[in-house]
Amino acid sequence: MQRVISVCPFTLLIIFLSLFNNSGLAGAGEIRALSLEECIRLAFKSNTDLRKDRLNRKLSLLDRRIGEDHFLPDLYLTPETDYRTADDGRSRFMFGTELVQRIPTGGELSLRWSESYNRYTGYGEDDWTSKFSVKLTQPLLRGAGLEVSTAPVVLARLDDDYDFNSYLWLITRRITQVEKRYWDLAEADQNLSLAQAFLDDTRTLARRIARETGIDDDPEWLAEIANRELDIANAQQDCTEANLALIDLLDLGGVDRVRTTTRLWSKPKDKNRRIEDHLNLALEQRPDLKQASLYVDSTRMRAAVARSNALQDVDLALTASTSATEEELGESIHDAFDLEEEFIVSLGAEIRFGVPGRKRSAIAAEYSHQKAKLDYLERKQAVENDVVTALGALKTSHHSFLKAVDVERLARLKLEAALKKLDVGGADNLKLIIYQRDLNTAQSRVYQAALDYLYDLADLDEATGSTISKWGLEVVLKADG
């Protein structure tokens, strides 16, 4: 008997689109086989957001070192020349140097030495003047005290630590995204293979039915085959979209296709660790929670500085100086150090009236500190909620996976029983189609349940701040100590 194969126009369109997707016309770039760990390390290295943030880290480290240099001494060089029109017609060239050292009490210690050469053109004479002075200034109210004076150093370190934890949190979230996009692609690949296998099984079963009934173009089976071909086209589109989403995160140039080598887990395991352990881990490791804590410390320090700035300016200055003028440079220096020649000690005070705006700034800084403490408590509660939610979702997805596996087993048994009836001529076409669809749906649900579990596992790692350590990523650009 001659077999006549009838194919509807829509089926032909599906076949054409499938051939187009597989022809390589969509791109001639590289197809790279990658494991999940390889994808994570590639993203860690090449993701554009992470690369930009690494540059931000370098800038932050520079700012930190600038702040830590606050107590390095400042050296000033002051060359100067002048001419005085008088009977003596003096011209002078002066060279001075001053070393200023900030001290932890908020004051400054200044050491100054100057030498000037004086030429008296009216008399045809010259001489040298040597001057030495030591000056200690100490604020009594505004700017006084160890906490305020060391604020630039402490704030620079706090700001850099805040920035570093921001960098860690960005890495954590990006790696979580890579995990999910990789599993999306793995599931899409599995579903495409499943759709192809389902089509092959449908065609095999249709041929078997045709041999039993003598009908080659049964509309029910032709329609079922067309539906399976449509499933393949949809699965191919899902693979394309999942592939592009993963490549976008990896930022890989010249790669058009990633082929997954890490399969969806077949037997997920439930997490037996107590919820308290997960909570403690999150409170210890979550970078965003550390950020909130560092911001509390930073606003507290800024509030202390603002309160200091609102105080009255009362500074004491203690100065000791000596000078000498002689015909020879060596003599002028010697006499300047001879305290019996001339030595001046002075003690002065400087009082500057405060600006009202400083008090308003202090109040605003205190409000910011109070708000930062509330933000920390809110973030801590959010972290705890994230952990509880992630653990609950993981437990649910683990249970769903076990149920999906059981449903798939029962669907397979049901189809096998129907096929046995076919051997004795007692099978129903409609039941065979339905049972085969049920098995395909059950298998897809197993993949979806495994995907949900892996999603929830990635979310739990993020919730506890364990993502970076889990994948053994070495994060540099951190200040020593």
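Which residues of helix α2 (residues 36–46) are buried?

Modeller: This is a predicted model, in which local features need pLDDT of at least 70 and side-chain atom pairs count only at pLDDT 80 or more, while totals for chains, interfaces and linings use all residues. Residues are numbered from 1 along each chain as its sequence is written, and side-chain values use heavy atoms, with hydrogens and water left out.

The buried residues of α2 are L36, C39, I40, A43, F44 and S46. Buried means under 20% relative accessible area, exposed means over 50%, and partly exposed lies in between, with a 1.4 Å probe and protein chains only as cover. Helices (H or I, at least four residues) and strands (E, at least two) are DSSP runs, numbered from the N terminus. The cover over the buried residues of α2 includes β1 (30–34), α3, α5 (151–213), α6 (219–250) and β6 (255–260). Contact here means heavy atoms within 4.5 Å.

One of these covering elements, α3, spans residues 48–68 and holds D53. Leaving aside residues up to four places away in sequence, D53 touches Y167 and L170.

T137 lies in strand β5 (residues 125–139) and counts as partly exposed because its relative accessibility is 24%. T137 and L109 are 28 residues apart in sequence and 6.6 Å apart in space, C-alpha to C-alpha. T137 also touches G107, E108, L316 and A317, not counting residues up to four places away in sequence. E327, in the loop between β7 (313–326) and α9 (329–337), counts as exposed because its relative accessibility is 60%.

As for the whole, the protein chain has 12 helices and 8 strands. Buried residues make up 38% of its 481 residues. Among contacts between residues at least 6 apart in sequence, 80% join residues at least 24 apart.
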